[in-house]
Amino acid sequence: MSQMQIREMQTRNYDGKNNIATMKAVINALQDDGFIVKNADKDLGFIQATKELDIEDGSERFTSTFFNGAQARWRKNVITECSANLSGMGNSTKIRIIFQSKTLDNMGNPIDIQQVNDLKYYQEFFAKVDKSLFIEKQGL
């Protein structure tokens, strides 16, 4: 994918929405998806969040320990990091959100770091933002 295609996938415009309401919707969508918000600045329109999953496989751990002893390494966690930038433009808000996935070993060292470039992943996230905006509008 070109950089423009990636940016397009990561960006949505919400007409008729102010920055604060949209920012709250993004935060709610992230929390609904299991993210912990680490930083949010309404003046800058910036949100940073992480989600950690334990992916340890007992057989991988056993095999690695059996063959490598104390130096054994195996996949332990996946941490998904998110940063979002919200920009007010007249009567609309533009959101650009980026997800990055890190796979860590049992010692906390990175094995793999990749930006999430899956169109479906971003479509599903923005659908959650849409749902959150709808819920807010309904006062639920």
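**Ground rules.** The model is predicted, so I took local features only at pLDDT of at least 70 and side-chain atom pairs only at pLDDT 80 or more, while totals for chains, interfaces and linings use all residues. I number residues from 1 along each chain as its sequence is written, and side-chain values use heavy atoms, with hydrogens and water left out.

Buried means under 20% relative accessible area, exposed over 50%, and partly exposed in between, with a 1.4 Å probe and protein chains only. This core has 24 residues, and those touching the most other members are Val26, Leu30, Ile97, Phe99, Phe125 and Val129. Two or more residues each come from helix H1 (3-10), helix H2 (19-32), strand E3 (46-54), strand E4 (75-89), strand E5 (92-105) and helix H4 (119-138). H2 gives the largest share, six residues. I took helices (H or I, at least four residues) and strands (E, at least two) as DSSP runs, numbered from the N terminus.

I then checked contacts (heavy atoms within 4.5 Å) of Val26. Beyond its neighbours within four places in sequence, Val26 meets Ile47, Ala84, Leu86, Ile95, Ile97, Phe125 and Val129.

**Helix H1.** Which residues of H1 are buried? I find Ile6, Met9 and Gln10. Viewed down the axis of H1, they fall within an arc of 95°, so they line one face of the helix; the arc is that of the directions from the helix axis to the C-beta atoms. Exposed Met4 and Glu8 sit on the face turned away from the buried side. The cover over the buried residues includes strand E1 (11-15), E5, strand E6 (110-115) and H4.

**Aromatic pairs.** My search of the whole structure gave eight pairs. Rings of Phe, Tyr and Trp (its six-membered ring) pair if their centres lie within 6.5 Å; planes under 30 degrees apart are stacked, over 60 edge-to-face, the rest tilted.

Phe62 and Phe66 are stacked, 6.0 Å centre to centre with 25° between the planes. They lie four residues apart in helix H3 (residues 58-68), about one helical turn. Phe62 is exposed at 57% relative accessibility, and Phe66 is exposed at 59%.

Phe99 and Tyr121 are edge-to-face, 5.0 Å centre to centre with 75° between the planes. This pair links distant parts of the chain, E5 and H4, 22 residues apart. Phe99 is buried at 0%; Tyr121 is partly exposed at 24%.

Ring pairs also join Phe35, Phe99, Tyr121, Tyr122, Phe125 and Phe126 into a cluster.

Technical notes: Core = buried A, V, L, I, M, F, W, Y, C linked by side-chain atoms within 4.5 Å.
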